[in-house]
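Reader: I am new to protein structures and would like to learn how to read one, step by step. Could you take me through an example, giving the general idea before each case?

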Amino acid sequence: MSRRKAREMAIQALFQLDFNSGANSDDALNSVFSEYEDINENTRLYAKSLVEGTCKNLAAIDEYISQLSREWKIDRMAGVDRNIARMAIYEMKYSDERLQPGVAINEAVELAKTFGTEDSGRFINGVLGSIVKNRELS
């Protein structure tokens, strides 16, 4: 399996956590993992690091999103879009293995096309592009 598959699993877990305040990251991840066959250990570990890292830095990540998407309050964003943006920001700014913005944005847009609405890819590209344009990742 690939890092893209790990990101897909992480988004599913983050979405669960976003809408179920009683859940914890291990339960959410185990629920997602149970839907797949033959997940290798590297994929599991990367998905877990994405979920835990995003959750750990959630307040700061949400502040970035709120500052740069003034027309939309974070709680009014579609849940999938919100969590894809959160995870991409984590990968660009907080992860030990930080992704270059172009790579992170591309991965996030692809996730949005898979899990979001018809407009999700453009929305994610706009939000993340604003962050990069304003050099908020320094």
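Author: Let us begin with the inventory of elements. The protein has seven helices and zero strands, and from the N terminus on its elements run α-α-α-α-α-α-α. Please keep in mind throughout that this is a predicted model.

Reader: What radius of gyration does the protein have, and what would a compact globule of 138 residues have?

Author: A compact globule with 138 residues would have a radius of gyration near 14 Å, and the protein agrees with that expectation because its own value is 14 Å. Along the principal axes, the C-alpha trace spans about 40 × 30 × 30 Å. Buried residues account for 45% of the 138 residues. If we consider the contacts between residues at least 6 apart in sequence, 70% of them join residues at least 24 apart.

Reader: How should I describe two helices that pack together, and at what angle do α1 and α5 pack?

Author: Two packed helices are described by the angle between their axes and by the distance between those axes. Here helix α1, residues 3-19, and helix α5, residues 79-94, pack at an angle of about 120°, and their axes are 9 Å apart. That angle makes α1 oblique to α5, and α1 passes α5 in a right-handed crossing. On the side of α1 the contact is made by Arg-7, Ala-10, Ile-11, Leu-14, Phe-15, Asp-18 and Phe-19, while α5 contributes Gly-79, Val-80, Arg-82, Asn-83, Ile-84, Arg-86, Met-87 and Glu-91. Sorted by class, the contact of α1 with α5 has eight nonpolar, two polar and five charged residues.

Reader: Which residues of α1 and α6 make the contact between these helices, and at what angle do the two helices pack?

Author: Helix α6 covers residues 101-115 and packs with α1 at an angle of about 60°, with the axes 11 Å apart. The helices α1 and α6 are therefore oblique to each other, and α1 passes α6 in a right-handed crossing. The contact is made by Arg-4, Arg-7, Glu-8, Ile-11 and Gln-12 of α1, together with Asn-106, Glu-107, Glu-110, Leu-111 and Phe-115 of α6. By class, the residues of the contact of α1 with α6 divide into three nonpolar, two polar and five charged.

Reader: What is the angle between α5 and α7, and how do the residues of their contact divide by class?

Author: Helix α7, residues 120-133, packs with α5 at an angle of about 35°, with the two axes 10 Å apart. The crossing of α5 and α7 is right-handed. From α5 the contact takes in Asp-81, Ile-84, Ala-85, Ala-88, Ile-89 and Met-92, and from α7 it takes in Ser-120, Phe-123, Ile-124, Leu-128, Ile-131 and Val-132. The residues of the contact of α5 with α7 divide into 10 nonpolar, one polar and one charged.

Reader: Where is Asn-20 found, and what is its relative accessible area?

Author: Asn-20 lies in the loop between α1 and α2, and a relative accessible area of 43% makes Asn-20 partly exposed.

Conventions
Residues numbered from 1 in each chain as written. Predicted model: local features only at pLDDT ≥ 70, side-chain atom pairs only at ≥ 80, totals over all residues. Heavy atoms only, no water. Axes fitted to C-alpha atoms, helices over the stretch in contact; angles between N-to-C directions. Helix = DSSP H or I, 4+ residues; strand = E, 2+ residues; numbered from the N terminus. Parallel < 35°, antiparallel > 145°, perpendicular 65-115°, else oblique. Left-handed = near helix turned anticlockwise from the far one by under 90°. Contact = heavy atoms within 4.5 Å. Nonpolar A, V, L, I, M, F, W, Y, C, P; charged D, E, K, R; others polar. Rg over C-alpha atoms; globule rule 2.2 N^0.38 Å. Buried < 20%, exposed > 50% of the residue type's maximum accessible area, 1.4 Å probe, protein only.
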